[in-house]
Amino acid sequence: MRGHARASANFALVKYWGKRDAALNLPARGSLSVTVDALYTETTVIFEPDLAADCLSVDGRPRPGAATLRASRVLDLIRAAAGASLRARVLSKNSFPYGAGLASSASSMAALSLAAARALGLDLSLERLSVIARHGSGSAARSLHGGYVLWREGTRADGEDAHGSQLHPPEHWPLRVLVALVDAGEKDTSSSQGMQETARSSPLYAGWLDSVNPDLEAAQLALAARDLAALGEVMERSCLTMHAAMMSARPGLLYWRAATVALIHRVRALRAEGLGVYFTIDAGPHVKALCAPKDEAAVRAALEATPGVTRVIACGVGGPAR
Ligand code: 2P0
């Protein structure tokens, strides 16, 4: 009745921002990500006869409320698959700041789905676990697999085909991702809420959605060809188009800080000096820089020297949840 799992976070090269079904976390469009090795969640799930409700602790701190509700959505699906009704104690530990725009919901829901399945003796495929983890957090659908992962939007109303699939294993292209941390606080607008507000009120939302499928195609070609300049160009425009839609919601949603903007300029200046480095930013102030291993030391030094950066975490391409 006890299971343990570790899953890595992922960063989208082509972003997910908007749902076609909020209850099932079905995305309005597909997205494409890279799984990263240094940011991960380790989760232990224990099903216990005496518990009246699921309870969750993250990094040693109880997390009743929204985080537990998300976990229970995943646990309910695992219980249904196993024909079980026991409630669970979930102990989760992150290798990085939680709830700060660093994809902790992706790694935590992916680890939870696998740990809970193991605790109840279920041997589910990564695709099936991806569908289950998606109910806790959309981007978790991409964190079961390692390497480069496509989360298809799917066509089925029940969402069973909206799961992550591996496009390439980590060894296809061992790129580096340097995460420049700008601020370790927890964000005040969750991604779910931000997506909903963007879809409801941004005049640019339709344009954002129109941009995604062409970017997905271009990114897949660049990945297959290991063409960093082509991939980086798509990654930056997907990021900026998504943020333009967020910023034009009413009220505008701005996750960036001064250091975020400084880092964008720093990455572009490095490129002008001849380094192959590209940025992306998610629902938080941090900047992730994608580069080849040969440029890592120079990129790292430049990110660390940017005012407002508290720390740089270096990641390689990560493997599957296990
Ligand atoms: C992404 N993000 O593709 C985008 C880019 C943040 C910005 O997926 O509501 O925590 O749980 O499905 O997955 C973060 O959103 O949102 C996210 P829900 P999730 O990585």
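Predicted model: local features only at pLDDT ≥ 70, side-chain atom pairs only at ≥ 80, totals over all residues.
The ligand is surrounded by 18 residues. Tyr16, Lys19, Gly138, Ser139 and Ser192 are the closest of them. By class, the shell holds six nonpolar, seven polar and five charged residues. Helix H4, which spans residues 191-201, gives the largest share, with three residues. Two domains take part in the site. Both domain 1 (2-172) and domain 2 (176-315) contribute residues to the shell, so the ligand lies between them. The space that the ligand takes up is the largest pocket.

For Lys19, a polar side-chain atom is 2.5 Å from a ligand oxygen. In Ser139, an N or O atom of the side chain lies 2.6 Å from an oxygen atom of the ligand. For Arg142, the distance from a side-chain N or O atom to a ligand oxygen is 2.7 Å. On its own, the ligand has 470 Å² of accessible area, and the protein covers 94% of this.

Most peptide bonds are trans, and most residues other than glycine have a negative phi. The bond between Arg250 and Pro251 is a cis peptide bond, with omega of about 5 degrees. Asn25 is not a glycine, yet its phi is positive, at about 55 degrees.

Technical notes:
Residues numbered from 1 in each chain as written. Heavy atoms only, no water. Near = heavy atom within 4 Å. Polar contact = N/O pair within 3.5 Å; in protein donor to acceptor, adjacent residues only side chain to side chain. Areas by Shrake-Rupley, 256 points an atom, 1.4 Å probe, with all protein chains shown as cover. 1 Å grid on protein atoms, 1.4 Å probe; cavity = no way out; pocket = protein on both sides within 12 Å on 5 of 7 lines; lining within 4 Å. Sits in = over half its atoms within 2 Å of the grid points. Helix = DSSP H or I, 4+ residues; strand = E, 2+ residues; numbered from the N terminus. Nonpolar A, V, L, I, M, F, W, Y, C, P; charged D, E, K, R; others polar. Domains from an automatic or database assignment.
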